[in-house]
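Dear colleague,

Please find below the structure that I am handing over to you, together with its sequence. My notes on what was found in it follow directly after.

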Amino acid sequence: MTQIGDDEFTQQREPVSGTAIKNAWVQTTEDLSALEQQRQENGWDTVAIPALQTAAVSRDAGKKHDDRYGLFFVIADNHADSFTNAFERGEFPRYEAYRNEVDGAVFLVVELLDPESETAILLAGQYERRHVPGMVAAANEEGELYTHVRTLDKTVLGSFKHDEYAPLVP
């Protein structure tokens with residue numbers, strides 16, 4: 001631990017970034033639950049999943065991701081069936097994104113919406129802001145950005161194309 005200031009100050013100091021990151025994740029998962037509840041109250045079928053890991057992937061990193069770029073949400077296997085069932089019910093032409101930035105991390109809840117079937121897939125994740133420029137460069141080149149959902153064993157369960165992607169990135 002780097003010490004700054006006198007010993008008394010250093011000993012009383014709590015790492016700000018660890019606390020801030022933890023609090024931001026707690027807030028993100030609370031937002032996920034609140035958004036799910038709102039959709040359910042309006043008659044929507046919902047699936048809400050907090051990701052185990054989320055990454056902003058550029059074309060350069062895409063080789064190890066089967067040449068895919070975009071936001072990757074890695075979900076636990078116990079959520080795979082509920083995600084797949086919801087994904088197969090709709091086209092998901094709309095989405096809403098809610099994000100917050102804390103200490104170089106982007107916290108995000110994405111609602112993927114299919115108004116026709118009234119199905120909503122909600123994903124919560126956190127990714128590092130430093131990886132955004134490469135991902136956005138690929139999106140600008142292609143005119144679209146993708147959200148991919150996969151399991152820990154790298155099985156891609158579904159992908160969503162976004163022609164308008166500004167709400168997903170800082």
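D31 counts as partly exposed because its relative accessibility is 31%; here, buried means under 20% relative accessible area, exposed means over 50%, and partly exposed is in between, with a 1.4 Å probe and protein chains only. This residue lies in helix α2, which covers residues 16-41. The C-alpha atoms of D31 and V109 are separated by 7.5 Å, although the two residues are 78 residues apart along the chain.

Please note that this is a predicted model, in which local features need pLDDT of at least 70 and side-chain atom pairs count only at pLDDT 80 or more, while totals for chains, interfaces and linings use all residues. Residues are numbered from 1 along each chain as its sequence is written, and side-chain values use heavy atoms, with hydrogens and water left out.

I turn next to the sheet. Helices (H or I, at least four residues) and strands (E, at least two) are DSSP runs numbered from the N terminus, and two strands pair if DSSP finds at least two bridges between them. The structure has an open sheet of 4 strands in the order β2-β3-β7-β8, and the pairing is mixed. Why is one side of β2 and of β8 left without a neighbour in the sheet? Strands β2 (53-57) and β8 (156-162) stand at the edges and each has a single partner strand, so one side of each has no neighbour there. On average, neighbouring strands of this sheet are turned by 15 degrees against each other, direction ignored; axes are lines fitted to C-alpha atoms, for helices over the stretch in contact, and angles run from 0 to 180 degrees between N-to-C directions.

Strand β3 (residues 70-75) pairs with strand β7 (residues 145-151) in the parallel sense, over 5 bridges. Among the bridge partners in β7, T147 belongs to L71 and H148 belongs to F72. With β2, strand β3 pairs in the antiparallel sense over 5 bridges, and V57 stands opposite G70 in β3. Because 6 of the 6 residues of β3 are buried, this strand is largely enclosed by the rest of the structure.

The last topic is charge. Side chains of opposite charge can pair when their charged atoms come close. A salt bridge is a side-chain nitrogen of Lys or Arg within 4 Å of a carboxyl oxygen of Asp or Glu, and the structure holds 8 salt bridges. One of them joins the side chains of E144 and K161 at 3.7 Å, N to O. E144 lies in the loop between α4 and β7 and K161 in strand β8, so the pair ties together parts that are 17 residues apart in sequence. E144 is buried, at 16% relative accessible area, whereas K161 is partly exposed at 48%. K161 also forms a salt bridge with D163, with the closest N and O atoms 4.0 Å apart; D163 is exposed, at 53%.

Another salt bridge links the side chains of E128 and R130 (2.5 Å, N to O). E128 is partly exposed at 40%, and R130 is exposed at 61%. Finally, R99, E101 and R129 are linked in a network of salt bridges.

Yours sincerely
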